[in-house]
Amino acid sequence: MMTTAMKRNSRKIFAALAALLMWVTAAAENSTSSARAQQVLDEVWNAIARSHYNPNFDQEFRKSVYDKHRDAVLRSANDREIAENINRMVAEIGDSHIQLAPPYGEAGTAALRAVNTPVNGNDAIAADPGFSVLDVDGKVVVHQVFDGSAAAEKGVRPGEEVINIDGVAIQPEQPVFPGWTMLTRSLLLRGGAGSKARVTLRADGKERTLKLERRPNNGTFFQVGALPRLTAVYRSRLLPDNILYVQFNLFVPEMVSRFRKDIRRYREQMRGLIIDLRGNPGGILMTAEWIAAWCCAREVPMGKLIIDGTTLTPRSVPQPRAYDGPVAILIDGESCSTSELFSGAMQDAKAAILVGAKTPGMCLPSEFVKLPSGFRLQTVFGNSLRTDGRQIEKIGITPDLEVPMHAEALLKGHDEVLERAVKALQR
Amino acid sequence: MKKFLASSGLAVLLLAGCYAIPTVENPAPKQETDALLAAMEKAANPGKRQVKTMRLTYRGEIPANSMTLTIISSMKAPDKSRTELHIPGMPPMIEVFDGKQAWTLITGMGAKPKTGRELAFARLQVKMSDPANRLTDIFPDIKLDRKSVDVNGVSCRRLVCAFGPDINLPPAELFVDAQSHLLRRVVLIAPTDMGDVPGTTDFSDYRNHGGLMLPEKQTSKMLGMDLTATLQECKLDLPLADRLFTPEEEDDDDNSHEKKQP
């Protein structure tokens, strides 16, 4: 089982662009001097102070945090230790989304390396073996198996634990950024259409290894700025009773485009809409506004964003021919950041019912800065609040209907959260 | 990135501001103010060129995010404008003003009409981008500070320019090179769909483009973020159809914004 701290670490997924932060910090094992440690410490501190939403940040935390940890940081033997000690320091600030290079275990480093290593072949088209994953009870498990996929043909079942992909061990007990479910998704996608993923699964104490062909998954690559290439996947299907089920793994523009098409296509026949944000680490806030604009025919205030002393109040602008019926949003402990902002805003506006588990409350807008020392820092530049001013950070979004996920139920073919949402919409 | 995307107002490049309401404690006499305004007009448009259309293409950089982008700003006198923001990997973000109405458009997502102060500000921006307009055509009240101010090592005169009641924001501050009479800095608050966003834009490296003096470099600071825009191309009096300044209905089958990038 992952400890809470481990989970929290693994879930430090950024707000502005929920995505992989795959700086496999070049070994980071070089020996270092206290001068270098001091340099990195000051770079980190100044960068945080410069962008932090609290204008008195330095004054408030200098003595209690910086001074307290300075000696330990200066005693660091190498870059990895510097990162560890500084992360220990910034943890006391109490905000998510602030971290230097986190300590990776061997498995995490290997997984990050693999994800970052180009694969020969046709990887221009997003393709995967045909199943999605979720974090259930600290394990990465199969969530859904898609029709027509290699996974479906080989009998992969929801609820099976994923323990290895292409020789890379999936070890959620080792903390790694950006989290094992996100890495697992990237590993499944690595290779391109036609390549085969060697996937080891475990269920009922038995392991089996399958070779699963990656087939185009209707996903789209997304890359912006200095971030690595991400794959955004959008899936939808019409459930019985004409309830449209929509799932996407990132809040990026292409997802809105596909959502809009679905709404336009099914609008007349839809009796309900389910947006599945379980495992969705967030993304670009603007896309959340547009999703709301297409699934609610009235304006939805998207909370408050406080940046550099300025309070921004994003809101949706309902689009002509937007859907205007009941909506359920599925959330869980890995629905972070923009997922939290969106689901909280829809709940506050009484525009949707939230079903699932409480979100982690990791919702501060952040950005990545490359420091002169070569370290990369994820640091917050603002604060996100709900429309009525309530914090989301450290508190999370509580669903209207709390429904836990169980791997055993998935193995038996039941997605309890989805089933409960369908029932709620049928009423 | 989030900051960048947070405000579509950034697309216009003329951003700025501080929340302390700018005032002029010791204003220069009207004659001196008028003389400076006349000198500014002459400096910016020495040949008094009447431009029917204009398209400026900038290369933008946000160093902190290692991001580059392209900004294409088009104007059709007297009252039409279109600003396109192209970020690799993102659908284009476009703001259009057809002389009456304005919209923010994002390919594949939809259109947001501008209303109220945002719409009034869009109207003002068009006026600002047309070299034929005088500052007095744009701002109903302009005061010149007697004191000179240093802006990036250049001695500047400070103008405090009040907006009309339709915009209802603190006045903009314009800093004008005391020697060349070219604009060096604009500080203002821009109304956006997310709220009022203060920002500062510095202008430098002026060059003559077909009779107009245009800054080759603009550096904007807003929401703690720096954006540098370098002028790549200036086209004057090119054919620009009116339909460019209105939203176009998107084909739902066309989901490839990549094709539309410059």
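These legends describe close-up views of a predicted model.

**View 1. An aromatic pair joins two helices of chain A.** The structure holds eight aromatic pairs over all chains. One of them is A:Trp45 with A:Tyr66: the ring centres are 5.3 Å apart and the planes meet at 70°, so the pair is edge-to-face. A:Trp45 belongs to helix α2 (residues 34-51) of chain A, and A:Tyr66 to helix α3 (residues 57-74) of chain A. The pair therefore ties together parts that are 21 residues apart in sequence. A:Trp45 is buried, at 1% relative accessible area. A:Tyr66 is also buried, at 5%.

**View 2. A phenylalanine pair in chain B.** B:Phe121 and B:Phe163 form an edge-to-face aromatic pair. Their centres are 6.3 Å apart, with 65° between the planes. B:Phe121 sits in helix α3 (residues 116-129) of chain B. B:Phe163 sits in the loop between β8 (154-162) and β9 (172-177) of chain B. The pair links distant parts of the chain, 42 residues apart. B:Phe121 is buried, with a relative accessible area of 3%. B:Phe163 counts as buried too, at 8%.

**View 3. Aromatic cluster and charges over rings in chain A.** A:Trp45, A:Phe57, A:Phe61 and A:Tyr66 form one aromatic cluster. The charged end of A:Arg62 sits over the ring of A:Tyr66, 4.3 Å from the ring centre. Another charge sits over A:Phe146: the charged end of A:Arg235 is 3.5 Å from the centre of that ring.

**View 4. Helix α9 of chain A is enclosed.** Helix α9 spans residues 285-295 of chain A. Of its 11 residues, 11 are buried, so the helix is largely enclosed by the rest of the structure. The buried residues include A:Glu289, A:Trp290, A:Trp294 and A:Cys295.

**View 5. Cysteines without a disulfide.** The structure holds zero disulfides over all chains. A:Cys296 counts as buried, at 5% relative accessibility. In chain B, B:Cys234 counts as buried at 19%.

**View 6. A three-stranded open sheet in chain A.** The strand order is β15-β14-β20 (chain A), and the pairing is antiparallel. The edge strands, β15 (310-312) and β20 (382-385) of chain A, each pair on one side only. From one strand to the next, the twist averages 20°. Strand β14 (residues 304-307) of chain A is joined to β15(A) by three bridges. A:Leu305 stands opposite A:Leu312 in β15(A).

**View 7. Strand β1 of chain B and its partners.** Strand β1 (residues 53-62) of chain B is mostly covered, with seven of its 10 residues buried. Which strands does β1(B) pair with? One partner is strand β2 (residues 67-76) of chain B, which runs antiparallel to β1(B) and is joined to it by 10 bridges. Here B:Gly60 has B:Leu69 in β2(B) as its bridge partner. Strand β13 (residues 225-236) of chain B also pairs with β1(B), in the antiparallel sense, over eight bridges. Here the bridge partner of B:Met54 is B:Leu236 in β13(B).

Notes:
Residues are numbered from 1 along each chain as its sequence is written. Chains are lettered from A and ligands numbered from 1 in the order in which they are written. This is a predicted model: local features need pLDDT of at least 70, side-chain atom pairs count only at pLDDT 80 or more; totals for chains, interfaces and linings use all residues. Side-chain values use heavy atoms; hydrogens and water are left out. Rings of Phe, Tyr and Trp (its six-membered ring) pair if their centres lie within 6.5 Å; planes under 30 degrees apart count as stacked, over 60 as edge-to-face and the rest as tilted. Helices (H or I, at least four residues) and strands (E, at least two) are DSSP runs, numbered from the N terminus. Buried means under 20% relative accessible area, exposed over 50%, partly exposed in between (1.4 Å probe, protein chains only). A charge sits over a ring if NZ of Lys or CZ of Arg is within 6 Å of the ring centre and within 35 degrees of the ring normal. Two strands pair if DSSP finds at least two bridges between them. Axes are lines fitted to C-alpha atoms, for helices over the stretch in contact, and angles run from 0 to 180 degrees between N-to-C directions. A disulfide is a pair of cysteine sulfur atoms within 2.5 Å.
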